[in-house]
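Please read the following report alongside the sequence and the 3D view.

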Amino acid sequence: MEPTEDNPKHDVVVIGCGPAGLTSAIYTTREDIDTMMFERGVVGGLAAVTDKIDNYPGFPDGVEGLKLADDLRKQAERFGAKIELGEVSAISDEGEYKRLSTTSGDIMAKSILIATGSDYKKVGVPGEAEYYARGVHYCATCDGAFYRDKNIAVIGGGNSAVQETIFLTRFATHIDLLVRSTIKASDVLQKELDEYVQKGKVTIHLNTTIDEIKGENNVVNKVIAKTNNEPTEFSVDGVFVFIGLIPNTQFIKNTPIKLDELGFILTDKYLSTNMKGVFAAGDVRSGATMQIASAAGEGATAALMLREFLEGRLPTS
Amino acid sequence: MVKNITIFTTNTCAYCQMVKKYLGAKGMSYEEINLDEFPQRQAEAIELSGTMTVPVTVVTKQDESKEVIIGYNLSRLAPAVA
């Protein structure tokens with residue numbers, strides 16, 4: 001089916017404006033490849049809601065996530081990337097063009113890069129949904145300020161959990177860090193965290209699983225858990241959850257695009273999915289390392305593959 | 001018709017930037033209450049939204065009715081300011 005006159009047509013549509021999507025757009029637009037981008041959430045993705053990024057190359061003193069995201073956006077827009085604040089709800093293959101159903105109507109694209117990233121996982125315990133944004137939070141940089149001089153719990157033991165715990169120390173009186181097994185954050189972050197442990201601002205509880213988040217009068221007041229299989233309670237005013245990531249691939253569940261068992265997009269060595277002309281990069285891709293620098297690198301690679309595809313030079317894997 | 005818009009924000013909140021960016025792109029003016037600068041107004045944000053989160057966007061219509069939008073929620077923000 002040929003696109004109708006009414007449907008805007010683009011050479012490349014990038015879904016997701018995180019580091020992978022924005023980097024790819026910097027490359028494609030710099031080569032004058034017509035590129036449209038969609039973002040349903042925050043431009044910059046999870047990087048934008050991270051307080052400080054210390055391991056992105058070129059920033060010897062680290063960089064605020066919000067600043068990095070804004071600079072990536074400006075760089076992409078400088079070369080002509082167009083960012084639409086809206087959502088893509090479906091993709092269908094119609095031959096030379098793919099059809100994208102979006103909040104701005106259907107659009108047609110010769111090629112697509114899916115760079116929708118991931119979101120933070122939920123714990124899945126009673127009380128979590130009930131107290132969402134009223135004591136249970138997934139964004140420290142957004143909601144941390146509501147916990148000035150209060151006691152909170154952070155759930156998780158990876159880089160995000162430790163990074164955000166360190167950020168939250170600027171507000172909270174005390175933080176209980178509840179870790180399912182052991183801390184898996186980088187040594188650098190663990191060393192920084194240890195400074196707050198020494199000061200008594202943070203207490204780490206290893207081998208701790210969460211059973212319930214409880215509250216009274218519409219406010220969270222405790223976390224019910226087990227530490228080393230022994231029941232325990234933590235009296236807190238709020239809970240921040242950073243326990244890993246789930247891919248943003250809901251919108252392609254009904255397409256032929258293949259996903260792995262966890263819902264991440266399968267690609268070949270050219271970052272191509274099994275739908276011709278559709279590529280994936282960054283945290284949404286199966287095998288991604290969940291690093292901002294890697295996502296940017298994959299975005300650059302994907303842009304080169306998109307160009308090869310548009311020029312009919314992309315080999316089949 | 002929209003009479004005025006107030007957004008409760010914090011300095012580090014990326015979703016707050018998105019609400020401001022969206023309204024800016026639509027050419028709409030708004031009052032921003034930065035809770036890092038005015039922490040004494042936190043209670044107001046909590047009372048209006050029933051939550052402890054930002055952004056909280058309060059859209060006041062000409063008839064003085066108010067719509068409160070929590071977070072960066074385009075499916076609610078777009079029609080509220082249309």
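## Helices α5 and α6 of chain A

The crossing of α5(A) and α6(A) is left-handed, a crossing being called left-handed if the near helix is turned anticlockwise from the far one by less than a right angle, and right-handed if clockwise. This is a predicted model, in which local features need pLDDT of at least 70 and side-chain atom pairs count only at pLDDT 80 or more, while totals for chains, interfaces and linings use all residues. Residues are numbered from 1 along each chain as its sequence is written, and chains are lettered from A and ligands numbered from 1 in the order in which they are written.

Helix α5 (residues 159-168) and helix α6 (residues 187-198) of chain A pack at an angle of about 35 degrees, with their axes 10 Å apart. Axes here are lines fitted to C-alpha atoms, for helices over the stretch in contact, and angles run from 0 to 180 degrees between N-to-C directions; helices (H or I, at least four residues) and strands (E, at least two) are DSSP runs, numbered from the N terminus. The contact joins N159(A), V162(A), Q163(A), T165(A) and I166(A) of α5(A) to L189(A), Q190(A), E192(A), L193(A) and Y196(A) of α6(A), where contact requires C-beta atoms, placed from the backbone, to lie within 7 Å.

## Helix α1 of chain A and its partners

Helix α1 (residues 19-30) of chain A packs with helix α7 (residues 292-310) of chain A at an angle of about 40 degrees, their axes lying 7 Å apart. That angle makes α1(A) oblique to α7(A), on a scale where angles under 35 degrees count as roughly parallel, over 145 as roughly antiparallel, 65 to 115 as roughly perpendicular and the rest as oblique. The crossing of α1(A) with α7(A) is right-handed, and the residues in contact include P19(A), L22(A) and Y27(A) of α1(A) and A295(A), A303(A) and R307(A) of α7(A).

With α3(A), helix α1(A) makes an angle of about 25 degrees, the axes being 8 Å apart, and the two helices are therefore roughly parallel to each other. Their crossing is left-handed. On the α1(A) side P19(A), L22(A), T23(A), A25(A), I26(A) and T29(A) take part, meeting L72(A), R73(A), Q75(A) and A76(A) in α3(A).

## Domains and the contact between chains

Chain A is divided into domain 1 (9-119 + 245-310) and domain 2 (122-241), with bounds that come from an automatic or database domain assignment. The centres of the two domains of chain A, taken over C-alpha atoms, are separated by 31 Å.

Between the chains, 22 residues of chain A are in contact with 20 residues of chain B. On the chain A side, α3 (65-78) and α4 (140-143) each supply at least two residues, and α4(A) gives the most, with 3 residues.

## The sheet of chain B

In chain B, 4 strands form an open sheet with mixed pairing, in the order β2-β1-β3-β4; two strands pair if DSSP finds at least two bridges between them. The edge strands are β2 (31-34) and β4 (66-70) of chain B, each of which pairs on one side only. Strand β1 (residues 2-9) of chain B runs parallel to β2(B) and is joined to it by 4 bridges, and T9(B) has N34(B) in β2(B) as its bridge partner.

Helix α1 (residues 14-25) of chain B packs on the sheet, touching β1 and β3 (56-61) of chain B, and its direction makes about 155 degrees with that of β1(B). Helix α2 (residues 42-49) of chain B lies across β1, β3 and β4 of chain B, running at about 70 degrees to β3(B).

Technical notes
Contact = placed C-beta atoms within 7 Å.
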